[in-house]
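Here's a friendly walk through one protein model. Have a look at the sequence and the fold, then read on.

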Amino acid sequence: MDTEDRVPQDIIAIFHASFHPTKGSIIDWSLKASEDLDLSHVEFSCLPSGLHLIERDVVYFTKDDHQGVCVFRRRQTTEHGHRGFRLSSLGILLAKSPRPRPWKHVAALKALVSTIYSALEDRDALEPLDEDWDPARAFFEERKIRRPDLGGMGSWQGWNAELEGVHSDASPTVHLPHLLRILGPSSLTLYKHILGRRRVLIITLPPVEAACILCQVAADTCYQEQVSEQLSNDGGDGCDDPTSHPLKGRSTAGVKVLGMVTLNDLDKLDFESKTGRGWIACTTDSIFLDKPSYYDLLIDLRSATPNTRPSFHVSKPVEQPNGRSPSHRLSSVRFTWSDVRLWTELDRLLQLDSEDSLDSCCDPSLHSGKGHHSHGSSWTDVWRVYEDVCVMCAGLWMGAWRNTSGALYAGTSRRSEAGGSIRLEGEDDLSLRTRSTPHIRNIGLGIEGRPPGNTLPSGLGMRAIRRASTMTPWTWAGGKICDGQDSQPHTATEDAPTPSSGMFIPGQRNNVPEPTAREGAAAVARRERQVLTTLALLDAFHANTSAILLRLAVLLEMRKAQQQPQRRADADISTSPVAGTQTVLFTPKDVMSFELGPFSGLDARFVEWLGEEYGGGMRVLVKRGWKDLVGLILGLG
């Protein structure tokens with residue numbers, strides 16, 4: 001049986017958590033594969049604050065090293081002490097694996113919850129009896145772990161294998177285009193923190209499923225690079241990656257996705273912070289705003305409206321004169337001007353789906369109840385105007401860097417021809433933003449655009465489309481194109497991009513996607529286009545990450561070579577008295593060679609984070625004194 005069609009067998013526990021009027025959140029029923037498994041305190045993650053305001057939700061969480069997911073339901077009751085509702089969640093825990101996929105169980109878990117609660121409603125009961133858990137026992141028996149290797153279900157073999165198949169829309173990764181449209185250029189600030197293995201916290205309002213999914217999507221933007229060594233050890237696909245770099249990170253696993261956290265998880269956050277792996281989590285507890293020492297970046301989804309972006313805040317240490325004042329404070333942050341280059345490429349890929357393919361969940365008018373010509377247009381949104389002006393000015397100002405950054409992509413002729421810009425070959429039609437009809441791209445150049453049609457030709461599946469795209473100048477994310485592969489393009493056509501509804505704006509609940517029993521060819525084509533766009537975006541992130549790390553490897557080798565002949569007082573490498581580590585000093589000009597902003601404090605910290613992770617024990621410091629910056633302006637440094 002194909003892996004895509006098999007029922008995953010990786011569950012180690014199933015449990016039911018509910019809210020008791022006097023005891024609080026409790027676990028009132030559970031079934032475990034091993035009695036040594038501890039389920040204590042997992043009920044707090046399954047019933048976070050504020051969930052009593054909504055009827056249903058899906059919550060992703062972690063317990064120790066195990067990922068899990070639960071389905072929440074709110075049921076009406078007239079019982080004394082319950083305030084009109086019974087709150088409960090049915091959840092599962094998954095076995096440890098390189099790539100746990102709790103989302104593969106969500107559809108079946110929702111059906112299980114409906115079966116159990118429907119039986120209770122039929123006999124007008126609220127407290128389940130022992131026989132009411134028989135469907136849950138059958139569910140657990142079918143999906144519990146049986147093999148240590150999980151039958152290959154917990155491995156990761158690249159984004160092609162991850163996203164192909166009829167159930168690819170269940171993967172959170174396909175919502176990457178939606179994440180970029182919601183966060184805008186500021187999504188690259190999140191990307192830098194993920195690549196630098198920082199601590200990221202997303203604060204949201206119920207429902208929390210969207211925030212949990214955004215955590216996984218954000219971690220996936222750098223997942224391929226962070227697990228590349230692990231993938232090569234497992235065999236991979238046998239192809240050499242031309243953008244590979246000689247650097248190895250301290251951790252071979254991706255940034256840890258914690259999912260939902262509460263105040264009960266403060267010790268867990270402190271422990272995960274000490275590992276150096278980095279983590280990303282979400283919460284509904286606003287009190288975390290007063291605890292900035294626990295995270296490095298805070299994304300406040302509560303501030304998002306149909307016309308404004310979520311707000312970003314970084315945690316900065318402050319001096320404590322009396323020892324009692326807060327050790328950290330929050331400071332607002334947005335994107336940097338150096339992000340414009342990469343964002344332009346990402347925005348181009350998003351625009352290739354045409355403006356008609358904008359997700360319905362991304363359309364503010366669908367959630368605000370106003371038409372497209374309401375008073376809440378983009379011209380009245382000061383932030384969007386500010387963002388557009390910044391992007392335009394940054395693009396003009398950064399044009400002067402083109403001749404100084406070519407070395408960033410040394411060794412790859414197609415990118416060096418572009419002057420070091422992060423871009424993919426093919427047609428760049430700058431009028432895409434103003435087109436009223438879908439833009440048709442030539443076959444083999446980027447995401448294939450084809451004349452509009454009503455149906456998808458028979459036999460043109462995901463594999464056929466991917467074979468047709470092997471002629472493109474850029475490879476599929478997560479998979480490499482080896483010599484000798486069939487690269488003959490297909491000349492068939494597919495229908496023009498249509499709106500998709502893969503996710504929803506946090507805090508909104510009127511368009512939660514529900515699985516359908518049968519979908520037509522148009523829905524299948526829409527999913528495939530969404531996967532194609534996601535793969536292209538992942539490839540762009542991977543290309544940018546590889547180029548940055550390749551440049552870091554070159555600079556570190558240069559500093560090592562300078563140290564070998566002699567020890568000079570003004571050498572760029574000095575021995576640190578702390579634990580005998582080496583400190584590498586980078587100048588603002590070195591920061592520019594990464595195509596980053598020499599005057600940006602965030603970009604300077606980003607380079608230092610990369611040195612901490614990939615420096616091989618060396619410490620990287622960026623010199624940002626006034627003499628260094630003035631020298632850069634005058635061309636002296």
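In β9, L201 finds its bridge partner in L298. Keep in mind as you go that this is a predicted model. Over in β8, W279 is the bridge partner of R199.

So how enclosed is β6, which spans residues 199–203? Of its 5 residues, 5 are buried, so the rest of the structure largely encloses this strand. Both of its faces are covered: on one side you'll find R199, L201 and I203 buried, and on the other V200 and I202. As a bit of background, side chains in a regular strand alternate between the two faces of the sheet.

Now for the greasy inside. Nonpolar side chains in soluble globular proteins tend to be buried together. Here, the largest nonpolar core counts 116 residues, and I14, L190, I202, I280, L346, L552 and F586 have the most contacts inside it. Which helix gives the most to this core? That's α16 (residues 521–563), with 13 residues.

Leaving out neighbours within four places in sequence, its contacts include I280, A281 and C282, along with I299 and L301. A211, L214, C215 and T283 are in contact with I202 as well.

## An open antiparallel sheet

Elsewhere you can pick out an open sheet of 5 strands, with antiparallel pairing and the order β2-β1-β5-β4-β3. The edges belong to β2 (24–32) and β3 (56–63); each has a single partner strand, so one side of each is left without a neighbour in the sheet. From one strand to the next, the twist averages 25°.

Strand β1 (residues 11–20) is joined to β2 by 8 bridges, the two running antiparallel. To spot this pairing, look for H16, which stands opposite W29 in β2.

## A buried loop residue

One last stop: D265, in the loop between β7 (256–260) and α10 (266–274). Is D265 buried or exposed? With a relative accessible area of 7%, D265 falls under the 20% cut-off, so it counts as buried. Setting aside residues up to four places away in sequence, D265 touches S45 and M260.

Definitions and conventions. Residues are numbered from 1 along each chain as its sequence is written. This is a predicted model: local features need pLDDT of at least 70, side-chain atom pairs count only at pLDDT 80 or more; totals for chains, interfaces and linings use all residues. Side-chain values use heavy atoms; hydrogens and water are left out. A nonpolar core is a set of buried Ala, Val, Leu, Ile, Met, Phe, Trp, Tyr and Cys residues joined through side-chain atoms within 4.5 Å. Buried means under 20% relative accessible area, exposed over 50%, partly exposed in between (1.4 Å probe, protein chains only). Helices (H or I, at least four residues) and strands (E, at least two) are DSSP runs, numbered from the N terminus. Contact means heavy atoms within 4.5 Å. Two strands pair if DSSP finds at least two bridges between them. Axes are lines fitted to C-alpha atoms, for helices over the stretch in contact, and angles run from 0 to 180 degrees between N-to-C directions.
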